[in-house]
Amino acid sequence: MSIRHYLVNQAPYDPVTGMRDRVLQWFIRERLGETIASSPRHNIKHAVDVNEWWKYLENCFIPDGSYEDQWINDQAATVEISQLENCAIAVDASYYLQLFLDNVPYHEPLLPALGGLTGIQSHIEHDLDSWKANKTTPFFIFNGQSIEGQDDVSVQRGKRAIKGTDEAWGLYFQSQANEAVTAFGNHRGAYPVHHLFPMLQGILKRRGLHFLVPPFNASAQLAYFDMIDSEQCSAVMGSQELLLYPIKDYVIRVIDWDNANFTAISKKGIIRTLGVTEALFIDALLMAGTTFLPTFPPLKEPQITARQPPSVQDAVNMLRTSEKSVANACNSFNDILSKSKDSNWLQKYRKARMSIDHFIYVDESGEIKVHNFDTLTQDNWEYLGYQLPAELFHYLNTGLVGARMLSWISHGQIVIGPTLDGVRSDEYKRLVTRQLMPLREAALCLLLPRLHRGIQYKPIIVKVWYDDKYSHKIEYRPQDNPALTRAHTWNLDGTVVKKQFPNAKHGSILFEVTALKNLEFVKSTVAKDKVRGIASADMVSSITLWRFLHLRGYVDDNHQLTPWGTALATSLEALEPTVEKNSQVPGLFEAVLLAYELLRFDLLNTRNQHPELNGLPMNGSDDDKASLLLISRCSILLKLRHQANGYTGPLSKNFLCFRSLSSSIREAGRDLIEAIVASMLLFAQTNRDRDDYLDIGQRLPFLTDTDVALGIAVKTLLDDIHPNETPEQKAVKKQDFPGTFVPFATHFFEDLEIACDFFNSLHAGVKTLTNEVTAADRSAWDKAAVYLQLRR
């Protein structure tokens, strides 16, 4: 479906103004805002301007989570798809995924309200089928570490998205559902696209398609391939940022398999049209704003630049009036710069320019290199970051670990990014600034001992999105590293496991926890000598999990279960029949472990209800409402299986706020998991010459997140059932519920039963924590169990 057809279908018909103009008026008012709609440059009463608006709207849906440069998109040419036959195309994976987030029919407007997607995996599978059918091979390039300035720009964009979604929530609370959906859809950039990397990498692995994760950004790697006419690809496909790099000419933008064509932009053509040099063009692109450099503040002033957002043309004109010098432009507009949030924009520009001139890539032989290395300055760490071992980049490239921790070390900072809900609750701030800090410190302490001493002793600064003044310093002390000491007490021969547990399901979490109930087996897990010879992927997975459980306090220094570990084992065993019955549902044992992490951080309870966010249970006594809230919070950790055509149903900002807590814990847990397995390899405790890195990375827990759909469904259904109703009345309500509230859920009744069994399994474990959980909280769990039993 074209965007034009989509808009016509979305906009209300007006027989007076006519369909065509009405669509434009609706879109301008509802999606682009009155500022643009009232601009004298865009008078839609005239036919010629209407045509220009249609062209503009088509380009609005080119991705990056925000509008790309319209003028550059206007320069795109259309080419027959036959030109790509029997070719390999290097594709920027972030750009590719953003296409699905932004464009109909794949676009899911409620993404920032749910915290997840319902159908992107099937959409990607279908698209990759089209690549294959057209005899074209994609070679995906994923972003690695963030480059200098990228984290700060991401925070700015995330905060802007929060303002937009806050307006959408306001509309939803006012029962303006259609307007709210539209508003949410305008701020899809709030969802970090890199969260989808593991999913796409898994799909590529199953299909036998290759991918590459360079040390830093994908655009730089694509530029290298294009520069040298690499035999690995015949063309490149990506964002406008590719134009910053020394590519030869064309960049593929969108492939339309249905209409058998694709669009591409020509860097040489754009430079020729603008009448500038390549150097000035790059400066203008940077001034217009990128993912790692904010827009030059004076360009955002309406009295200076009428067109908003500003175009590269506007930046070129500004440079021409400043003797083609960015420094002169900064001097000319110093009054605006000094009052803006980016008063040091010139310094940021200089770092961005140097990172482009000296971009880092992986060459054809697999060696990591720096472009224009001969002219690299002595202070290159200021704009490129610290140089990490190539071994770590190998683990990144193979999908064993993500780029987050590597970025921490390279740039000496940890930036806690904005949440989808934007709520700055006390429990959230306490979690990210205090409670999760030991996990981050432990993760770093597992990696830093194997790095250069100059990097080891550089402090790492923690920043948060909601407070520019907050700063926390993490400093590594090699003489005091309990995390490493505890991790290295674990070693085990695979034959011992096979002897005592011949049917062991390595990596399931159930096996790793319950095996430690066998005291004889526990003795065999203690390392007698220097750890070596951890061979199979099964043993790597299990020892990684045992070390994680030890570092998180589920196991003591004697490798025996603590009270928390015993409770965890109780819950896992209670859920085992449900897992066996629903073997096609992944991640249920992992959800139990995440629930216990929430319990240990004092978050999985009936407190911190936030009635101001709406979405709380409404019926019954206060105890009933609290019980249902607890059950729903547990359900948020699970997944509602859904058709691939977008979510339709109620929303809850309250639950989205809770999801931010669970997601923060999941992310910190994944960082620690990856640090454990990477440390195992860095210390040569397992064989490095292997081809199962991606398999290991994808079987370890906390890789992917859930959304709030199942939690909302469980709350909505149970809130409508009265305990005094007959079984028949309850059955009728349950039977009618999916068609009314979640019409596109595919296995609602099975998912509901899983959620109920999941809560009961957690309750079974909590009951054993007589000293670790307060009597009041245990009582709340008991009441919730009774509440659930009366309504099942």
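I count two strands as paired if DSSP finds at least two bridges between them. Helices (H or I, at least four residues) and strands (E, at least two) are DSSP runs, numbered from the N terminus.

This is a predicted model, in which local features need pLDDT of at least 70 and side-chain atom pairs count only at pLDDT 80 or more, while totals for chains, interfaces and linings use all residues. Residues are numbered from 1 along each chain as its sequence is written, and side-chain values use heavy atoms, with hydrogens and water left out.

**Entry 1**

I started with strand 10 and strand 11 (residues 460-464). They run parallel and are joined by four bridges. I looked up Val415 and found its bridge partner in strand 11, Lys463.

Next I followed strand 11 onward. A hairpin of two residues leads from strand 11 to strand 12. These strands run antiparallel, again with four bridges. Here Val462 has His472 in strand 12 as its bridge partner.

Ile460, Val462 and Val464 make up the covered face of strand 11, and Ile461 and Lys463 the uncovered one.

**Entry 2**

I moved to strand 7 (residues 261-266). Strand 1 (residues 77-80) runs antiparallel to strand 7, with four bridges between them. Thr78 is placed opposite Thr263 in strand 7.

Strand 6 (residues 250-256) also pairs with strand 7 in the antiparallel sense, over six bridges. Asp256 faces Asn261 in strand 7. The two strands form a hairpin with four residues between them, and Ala260 in the turn has a positive phi of about 55°.

**Entry 1: helix 33 and what follows**

I looked up the span of helix 33 (residues 653-682). Its 30 residues reach 43 Å from first C-alpha to last, close to the 44 Å expected at 1.5 Å a residue. The expected span is 1.5 Å times one less than the number of residues.

Ala684 is not a glycine, yet its phi is positive, about 55°. At a relative accessible area of 30%, Ala684 is partly exposed.

**Entry 2: helix 35 and its cover**

I found helix 35 (residues 709-718) mostly covered, with 10 of its 10 residues buried. Its cover includes helix 7 (111-114), helix 32 (622-635), helix 33 and helix 36 (727-741). Contact here means heavy atoms within 4.5 Å.

I took a closer look at helix 32. It packs on helix 35 at an angle of about 150°, with the axes 7 Å apart. That makes helix 32 roughly antiparallel to helix 35; under 35 degrees counts as roughly parallel, over 145 as roughly antiparallel, 65 to 115 as roughly perpendicular and the rest as oblique. Leu628, Ile631, Ser632 and Ser635 of helix 32 make the contact with Leu710, Gly711, Val714, Lys715 and Leu718 of helix 35.

**Entry 3: loops**

I looked up Asp363 in the loop between strand 8 (360-362) and strand 9 (368-370). Asp363 is buried, with a relative accessible area of 9%. Not counting residues up to four places away in sequence, Asp363 touches Tyr224 and Lys369.

The peptide bond from Gln308 to Pro309 is cis, with omega near 0°. Lys135 has a positive phi of about 55° although it is not a glycine.

Conventions. Buried means under 20% relative accessible area, exposed over 50%, partly exposed in between (1.4 Å probe, protein chains only). Axes are lines fitted to C-alpha atoms, for helices over the stretch in contact, and angles run from 0 to 180 degrees between N-to-C directions.
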